[in-house]
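This report is a short tour for a reader who has not seen the structure before. It moves from a pocket to an annotated site, and then to a span of the chain and one further residue.

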Amino acid sequence: MTDWTRKTADELAQALAAGEVTSVELTQAHLDRIAAVDGNADAGIHAFLHVDAEGALAQAKASDERRAAGTPASYLDGVPIAVKDVLATEGVPTTVASKILEGWIPPYDATVVKKLKEAGLPILGKTNMDEFAMGSSTEHSAYGPTRNPWDQTRIPGGSGGGSAAAVAAFEAPLALGTDTGGSIRQPAAVTGSVGVKPTYGGVSRYGLVAMANSLDQVGPVTRTVLDSALLHELIGGHDPLDSTSIDAPVPAFADAARQGAAGDLSGLKVGVIRELQGEGYQPGVQARFDESLDLLRAAGAEVVEVSCPNFVHALATYYLVMPCEASSNLAKFDAMRYGLRVTPDGDPSAEDVMRASRDAGFGDEVKRRIIIGTYALSSGYYDAYYGQAQKVRTLITQDFEAAFAQVDVLVSPTSPTTAFKLGEKLDDPIAMYLNDLATIPANLAGVPGISLPNGLADEDDLPSGFQILAPATEDVRLYRVGAALEAALEKNWGGPLLDRAPELEGVSA
Amino acid sequence: MPEITRDEVAHLANLARIDLSDAELDHLAPQLNVILESVASLSDVVSADVPPTSHPLPLTNVFREDVVRPGLTAEQALAAAPASEQQRFMVPRILGDEQ
């Protein structure tokens, strides 16, 4: 019997088109897999915060009816998907993994969710994440951590650990994530999946519960480069409801991926970022990266080293810009209009209620970042912190411009290490923040990036990721180069890397 | 780079409208200092003539046609409110009796 949960989204779309399976059967197979392995805060993968079985099956049934009538809504019509809990879903709880929004049911859909529904993709549920997307490990969820399918004592990355784990554990063929400093790419790297941060403005942010507006970007999490391209084509494009949305046609990402899979990279110039390798990178991660460079050379690409000297300041810049924007954004969670309201004893004023509610509703990491942002934006410190960070952001953007004048794409390991143990870095924010070292520069400059699995590190047999960056609006290059490398790697491995992940034992939810 | 004191964290928490317990203040103050130390390097990186980048895209105001569009009903808008009355959000009082 076919195990539909092991198929890629492209394979599922083909099977649906050929009439080999129905969307209801596919959706039910994934719901069964979720029921078997996802568990809860105490056991299992815990990739989902909310499973919408009824809604997903109703959408699947409607999809099957369109197929029967010969009018599928899109190539992916009927292929189920999971959505990070940071995106508003009409009638389905959206908590951002925070107590302060527990029980909130949005009265509208985020634009990307609306596009999924219009394209006919049944939405399986909402995936776990670090609270308000603040973290690199999905341990900061108010509802308990997600676990890495490769080793359940380890983190699945963050903040989109739920989406990456759902895809890697075969609970969903596709997922949506958001990437503010690497929250799609870093979880993809440590779970052996593919994650894409599109060009800033390439995908609508309307209906995304914002952490840092100038950095946040919605993007695909999948098991193959082609699947990411297919999903990106579907969610991309201009949205008049988002003032930061780019008003330009969506390029043919899937064509670029199919072309790249043929494996010819002749004429392509690849730049290895000198500042994002070597010291501080786990030897096994560095070794897989170096081998991938050899595969790119074998495909005909020219590989050169490029220096981006200001990237060494990217982490510090990010950890000023992001909390400043976050502290401003999160001011609206004040217990007045929605969410948690804690009323202290006695005769409390509105301000007393706000303070008590925000203390009870926000977790430690969120409070830490709000306080940092409040400090850096306060009178007397604004120029020294926020103003200075904005200027360094200019230098990082100029580094990208200079590098892309020399090469077509830039590459680096996605994350300096493989997945670390749950709890290992919880009390050391700086150590936690270092996981985003290689992904952050792309967010500061708004350029697109992809992470794809490039093998297992020798030390721990855990996945490492290969990051490719391209100039703004040139996302097609990610898919062409990513698919070529993926094809070469899978030829060497004899199949997808995720086939080597351990079998998951069933847990009771 | 000035050190951030426990009292200063309490002041910032007040500005940010968050009640922090004594334990949270004890925990947060040293962590915030570590973070601020790690970002202190930025003060020496740029010269005055470097323009700041606030956003990766040049932004302009977006205007829509001034026409009536379907919106949320009062019931939908109030559905997640902690409390409501007469189709309005019900919030704690702001002004005291004497005002």
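What is the volume of the largest pocket? In this predicted model, the largest pocket has a volume of about 450 Å³. Its lining is made up of 16 residues, and those closest to the pocket centre are Tyr108(A), Asp109(A), Lys114(A), Tyr206(A) and Leu241(A). Sorted by class, the lining of the largest pocket holds eight charged, six nonpolar and two polar residues.

**The annotated site**

An unreviewed UniProt entry lists Lys84(A), Ser159(A) and Ser183(A) under "active site". These residues span 100 residues in sequence, but no two of their C-alpha atoms are more than 10.9 Å apart, so they gather at one spot.

Lys84(A) belongs to strand β2, which covers residues 81–84 of chain A. Ser183(A) is in a loop of chain A, between β4 (174–178) and α6 (185–191). The side chains of Ser183(A) and Ser159(A) are joined by a polar contact of 3.1 Å.

Beyond its neighbours within four places in sequence, Lys84(A) is in contact with residues including Ser159(A) and Ser183(A), the other two positions of the annotation. Its contacts also include Lys126(A), Thr127(A), Met129(A) and Leu176(A). For Ser183(A), with neighbours within four places in sequence again left aside, the contacts are Lys84(A), Ala133(A), Gly135(A), Gly158(A), Ser159(A), Gly160(A) and Thr178(A).

**The annotated domain and a loop residue**

The unreviewed UniProt entry also carries the annotation "domain: Amidase", which covers residues 25–478 of chain A. This span is 37% helix and 13% strand, and its end C-alpha atoms lie 33 Å apart.

Thr418(A) sits in the loop of chain A between β9 (409–413) and α14 (429–433). Not counting residues up to four places away in sequence, Thr418(A) touches Val190(A), Gln282(A), Val285(A), Ala457(A), Asp460(A), Leu462(A) and Pro463(A).

**Accessibility**

Is Thr418(A) buried or exposed? Thr418(A) counts as buried because its relative accessibility is 4%, where buried means under 20%. The table sets its value beside those of two residues of the annotated site.

| Residue | Relative accessibility | State |
|---|---|---|
| Lys84(A) | 0% | Lys84(A) is buried |
| Ser183(A) | 6% | Ser183(A) is buried |
| Thr418(A) | 4% | Thr418(A) is buried |

How values were computed. Residues numbered from 1 in each chain as written. Chains lettered and ligands numbered in written order. Predicted model: local features only at pLDDT ≥ 70, side-chain atom pairs only at ≥ 80, totals over all residues. Heavy atoms only, no water. UniProt positions renumbered as here; feature names shortened; annotations may be inferred. Helix = DSSP H or I, 4+ residues; strand = E, 2+ residues; numbered from the N terminus. Buried < 20%, exposed > 50% of the residue type's maximum accessible area, 1.4 Å probe, protein only. Contact = heavy atoms within 4.5 Å. Polar contact = N/O pair within 3.5 Å; in protein donor to acceptor, adjacent residues only side chain to side chain. 1 Å grid on protein atoms, 1.4 Å probe; cavity = no way out; pocket = protein on both sides within 12 Å on 5 of 7 lines; lining within 4 Å. Points joined across faces, edges and corners; volume = space filled by probe spheres on them. Nonpolar A, V, L, I, M, F, W, Y, C, P; charged D, E, K, R; others polar.
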